[in-house]
Amino acid sequence: MEMLACGHVAKEGPFRTCLHLCVEEPEDISRLYTGVGGEYHLLCESCGKLDDPWPQLAVVCLGCAERADDEKVTHVSGQPEVRHHDRPLTGTFHEEPTYLRPVNDRCLAPSGDGWLVYTGKYLVQLGGASYRLKMRKDREDDNSFGTPGPTVHASSDGWFAAVVWDHGRYGEAVNLAEGRTTMQLDRGDYRNYTTPFPFAFLADGTFVTATSWNRLDRVSSATGALLTPRNTEWRQGDERPENYLDYFHGRLTVSPTGAWMVDDGWVWAPVGIPMLIDLAAWQNGTTYAAEQGRSLTYRDYVWNQPVAWVSDTVVAIQRIGEDIDAMVDGVQLYDAPSRECVGTVFGPKGQMWAVDGRLAVAAEGGLEFWDVAEGARVGVLPGYRPTAYNARTRTFAALEDWVLRTYRLTGTEGVAL
Ligand SMILES: [Zn+2]
Ligand SMILES: [Zn+2]
């Protein structure tokens, strides 16, 4: 064995570092992707910002490499390898005139076998009934966390719906089958601009909604009855209760069978913490299940990211990295029972749905299908950017300029690529 650049006679590390990282404790580390798989080298942040950082890189021993890799990554350069193995798609397009204008691209939602549109006054079932909402006026001021505005949620059976104000305070839950409002939603005004309104329908005829910045409740979709009474208050000066939650709830994404839910919220610093909530335990009587979520990862200044469940236990969370200034496009896959990161796919970026174990992504250039096992994009529909997906009918939809454009997956197996 020869002596390596770090001065050690030892096994070579898996990546290069800038040499002074072996002797200095750098404040910040830069990751230089090589374009081969997810391979990278490590530099100090200032060497990482050089036009050509390569001459700085030296082969160091395993121990020195591991020590450098433990530091916080605050900058990235280069690109990981993004794999495209595109194959032909077999779905069918359909267009029809639709004399409705959704308020924004979050106001078209799957409902039963059809679609639901919120026009700003009315919640309309395409080809069916409409219902006038009484929602209170909410904030409209743009902020760095997102654009405030309404979002439509609907139960998959088509009986219930809700319009909530993302990055705002209010919402309204509706029993569509009976044509009446079941609950006016209110999560209070404490920093509500930082997250989309936390809301999700469950398959058991209930919904989860935020009732405060740090509290979720389960409510009967049919009647609006509160099913989860409990004490979550803490008055300053008193002893802090064991189940007090210091966490800002965010967008909720429920697993296919409803056993788990990812809560994409944050805590002070601020740090984004996708939290895993055990819905099955909550439904089975664990009173504080919503306060006992477990973290999947920590990301400085990063939350409000697309999330989708590719199976009942594996969830994909978009963006790769631990700091807002050092993220690359893609998804990280987490196994819910173990909370371990079980995979990384570089590339996906945009609104995302799970389809037969694959990911469908409304990317800038069109609708993309990504196979997480293959780690590659396996199909793309250029120019088509749906804003909703109906899992019951396996159909995507976009409603723009008075035309509903749908794309229906016709394969018998998978996405039929
Ligand atoms: Zn350096
Ligand atoms: Zn060494």
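Domain bounds here come from an automatic or database domain assignment. This is a predicted model, where local features need pLDDT of at least 70, side-chain atom pairs count only at pLDDT 80 or more, and totals for chains, interfaces and linings use all residues. Residues are numbered from 1 along each chain as its sequence is written.

Start by colouring three selections: 12-78 for domain 1, 85-99 plus 314-417 for domain 2, and 107-304 for domain 3. The C-alpha centres of domain 1 and domain 3 are 41 Å apart.

Next, pick the open sheet of four antiparallel strands, ordered 11-12-13-14. Strands are DSSP runs of E, at least two residues, numbered from the N terminus, and two of them pair if DSSP finds at least two bridges between them. Select 149-154 (strand 11) and 180-186 (strand 14): each has a single partner strand, so one side of each has no neighbour in the sheet. Zoom in on H153 and you'll find its bridge partner, A162.

Which residues have the most contacts inside the largest nonpolar core? Select A161, A308, A316 and L359, in a core of 79 residues. Such a core is a set of buried Ala, Val, Leu, Ile, Met, Phe, Trp, Tyr and Cys residues joined through C-beta atoms within 7 Å; buried means 20 or more other C-beta atoms within 10 Å of a residue's own, with C-beta atoms placed from the backbone. Strand 12 gives the largest share, six residues. Domain 2 and domain 3 each supply at least three.

Last stop: another core lies apart, with 22 residues including L32, C44, A68 and V76.

Methods: Chains are lettered from A and ligands numbered from 1 in the order in which they are written. A residue is buried if 20 or more other C-beta atoms lie within 10 Å of its own, exposed if 12 or fewer, and partly exposed in between; C-beta atoms are placed from the backbone.
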